[in-house]
Amino acid sequence: MARVTWFVVGLLIAGTAPVMSVLVVGRVVQGFGSGLLSVALYVIVGQAYPPELHRRIFAAFAAAWVVPSLVGPAVAGLIVEYLDWRWVFLAVPAVAVPAVLLIHPGLRSLGRSAVTRLPAGAAGRIGWACGAAVSAALLHIGGQQRGVPALTLIALAMVGLLVCAPRLLPAGFLRAARGLPTVVGLRGLASAAFVGAEVVIPLMLSRERGLSPTAAGLVLTVGALAWSAGSWLQGRIPVPASRASLPRAGLSCITVGTATVALAVWPELPVAVAVLGWAAAGLGMGLLYPSLSVLTLELSAPGEQGRNSSSLQLGDSLFAATVLALTGAVLAAGSAPGPASYAATLAVTAGLALLGALLAGRVVVGGTARPAG
């Protein structure tokens, strides 16, 4: 319940904010609660459901993300137009609190954790997490600058991330050690590739191909629907002989898909090429994300499920934030981005996914994936 409390308090602060700075504080509190909830959901899946259902449960998580992403912007627009922007935040607790109350009896049956105090090293990890967050923020600020200030801030931010991130992620992460370190790394690479391409596509299609913002946004909707379809598919196909099969297939789809989207900078090719490419990338994410979530639980001892799930999502966020900041810096470097800058950015994202596809076999430990401990 404490996790939901943080989330709801953040929404209430944002919804009643008198000035922008208070709104930002509310969003920070909301994000803190959301992070706590995300990790808790992974632990609940690991403890409350048998392993053979994990793939389907994580596929359902994808559906729970896709549907709001499709209808949310329209609903938010209607609320702003006919009520007030504050209700975009204030209306959410009316849905979140009853939902938690409905599942609370089932959560009580799991029993209470025996942990009554912070584990050894927890305070240090909190400090490193704050350092990583500040570094990511500096990276975004630096990406909006020009000249020496931009280079200085970006350099400081990258050093901060390189110092802090390895202390928050599994040992062996930087060298792609077999098992959990590679699982976390693949999640980060996939997220960076997908998000890095996603922010470029609407701008590219609007400026280079003349699409309206609405039409360009619909291309992203196709990717979201394909993501949901890929998640549904991986939850219903037979378990592959190798645990590396689905991550490799997903990253290969992302590689091909983002590379195909890059071809759309040439006016001779129809826009449908970009649509098909982004659908392939979305399908790859659907195949990849649930399979990596399942692997994280399989490779975690019961007492480590929370920590390893947080590492998975932390790697996801840090990789995505880094690529977003660097992409913004590249696109802002010139007077106006052109076909070459779009193609180069998409080529980098395709390269990240390709690297992940090449490393995918390292999720397997000793020939087959097996639980840690």
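The model is predicted: local features need pLDDT of at least 70, side-chain atom pairs count only at pLDDT 80 or more, and totals for chains, interfaces and linings use all residues. Residues are numbered from 1 along each chain as its sequence is written, and side-chain values use heavy atoms, with hydrogens and water left out.

**Nonpolar core**
- The largest nonpolar core has 53 residues, of which Met204, Leu205, Ile254 and Trp278 touch the most other members.
- Helix H12 (residues 272-298) supplies the largest share of this core, 10 residues.
- A nonpolar core is a set of buried Ala, Val, Leu, Ile, Met, Phe, Trp, Tyr and Cys residues joined through side-chain atoms within 4.5 Å; buried means under 20% relative accessible area, exposed over 50%, partly exposed in between (1.4 Å probe, protein chains only).

**Helix H9**
- Helices are DSSP runs (H or I, at least four residues), numbered from the N terminus.
- In helix H9 (residues 201-209), the buried residues are Ile201, Met204, Leu205 and Arg209.
- These residues lie on the same side of H9 because they cover an arc of only 95 degrees around the axis, taken from the directions from the helix axis to the C-beta atoms.

**Aromatic pair**
- Rings of Phe, Tyr and Trp (its six-membered ring) pair if their centres lie within 6.5 Å; planes under 30 degrees apart count as stacked, over 60 as edge-to-face and the rest as tilted.
- By this rule there are 8 aromatic pairs.
- One of them, Phe173 with Phe319, is edge-to-face, at 6.0 Å centre to centre and 90 degrees between the planes.

How values were computed: Helix = DSSP H or I, 4+ residues; strand = E, 2+ residues; numbered from the N terminus.
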